Amino acid sequence: MHITLISLDNWGFNNHIATALEKQGHNVHHINFNKYEYKYSSILYRAYNFFLKTFLKKNLKTMYFGKKIIENLKEIDKIQDLIVVIKGDFIDPKSVAELKKYGKKTIAYFNDNTYRCPKIIRVIPHFDEVYSFEKEDCKKYNLKFGTNWIYNSVCVTNEKPFEYQVFNIISQDKRLSILSKIASDLKAKNISHKFFVYNKKFQRRTSTIEFITNHIPLSEINEYISRSQVLLDINRKKQIGLTFRVFESIGLQKKLITTNSDIVNYDFYNPNNILVIDEKNPDIPVSFFEKEYQKIPEEIFNKYTLEGWIQNVVYSNISK
């Protein structure tokens, strides 16, 4: 099969899909449009783009991404059996519609919700099939449900004590205030932790949080994860879709602390492994760190692997 994966792969999660499909014998072309850097040619163009976004619902940046993607597809010079797009809302709708010229079938996967990213709604009609990790969006827009995936299931054994008891990395947004409360609770209880907050504008360090100006490569994030006992997950406002932090914890058999209460409705939920906390008043008991992780059944684990995601999103559409 000839498959093209188009994604805004700013953290490196999606490249695992391309690698897995290649190992399964497919001819895979990955267009990571995060590599396309758009720069305004002048201040006037920046003002012009503000006018486009405000009054015409257009964006020079998404139009640029779309143009580069179409150029890339033309270079392949072969109709693809399947085009899979992740974060298609970062591409202008006209270019999304044009993808049909280059693939027998186009499908989209969104691991953001329409509350945070309303542009998703505009591109949904241009795909043959659409998947989302957000249950409410699936109900409202008649989408198919699909979670994120376990991309790393190598259980790291470490005879030495963990360097950190809790690890988390997020981009700076409204979750920062919640992270600060959690950090204060951990510090008060002498629970060691490593928290990174990405903010491209400035770099600084507090007693509990380190602010960074550059993305940390996924390989380096995995190093921090391997040196940590428990992972922390903070969901965004009105988002109940599960983040990659959840699946990192499952894949590496590490405990998880999360603010996402909907996690109790998943078949892998185990209160021994997963602590759900109140984001307004986080209280993390020291006892949570004292019991060992309880391995989840293999048949449940396999559903959330990368292979399981490919079976659900990719192969179910190839056969049609």
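In which sense do strand β7 and β8 pair, and over how many bridges? In this predicted model, strand β7 (residues 164-171) runs parallel to β8, and six bridges join the two.

Together, β7, helix α7 (residues 176-188) and β8 make a right-handed β-α-β unit.

Stay with β8, which covers residues 193-198. Six of its six residues are buried. Both of its faces are covered: H193, F195 and V197 lie on one side, while K194, F196 and Y198 lie on the other. Strand β8 also pairs with strand β10 (residues 210-212), again in the parallel sense, over three bridges. Here Y198 has I212 as its bridge partner.

Elsewhere in the order, strand β11 (residues 228-233) and strand β12 (residues 255-258) pair in the parallel sense over four bridges. One of the contacts here joins D233 to its bridge partner T258 in β12.

Next, turn to the aromatic rings. A pair of aromatic rings is described by the distance of the centres and the angle of the planes. The structure holds 21 aromatic pairs. In one of them, the ring centres of Y38 and Y40 are 5.4 Å apart and the planes meet at 85°, so the pair is edge-to-face. Y38 counts as partly exposed because its relative accessibility is 21%, and Y40 is partly exposed at 27%. F167 and F196 also form an edge-to-face pair, with 6.3 Å from centre to centre and 70° between the planes. This pair brings us back to our opening strands: F167 is in strand β7 and F196 in strand β8, 29 residues apart. F167 counts as buried at 0% relative accessibility, and F196 does too at 3%.

Finally, visit the surface. Y45, Y48, F51, F55 and L56 form a nonpolar patch there, with about 550 Å² of accessible area together. Y45 lies in helix α2 (residues 43-56) and, at 41% relative accessibility, counts as partly exposed.

Technical notes
Residues numbered from 1 in each chain as written. Predicted model: local features only at pLDDT ≥ 70, side-chain atom pairs only at ≥ 80, totals over all residues. Heavy atoms only, no water. Buried < 20%, exposed > 50% of the residue type's maximum accessible area, 1.4 Å probe, protein only. Pairing = 2+ DSSP bridges. Right-handed = clockwise from strand over helix to strand, strands pointing away. Patch = residues over 30% accessible without salt bridge, like charges linked within 9 Å, V, L, I, M, F, W, Y side chains within 5 Å. Areas by Shrake-Rupley, 256 points an atom, 1.4 Å probe, with all protein chains shown as cover. Salt bridge = Lys/Arg side-chain N within 4 Å of Asp/Glu carboxyl O. Phe/Tyr/Trp six-rings, centres within 6.5 Å; stacked < 30°, edge-to-face > 60°.
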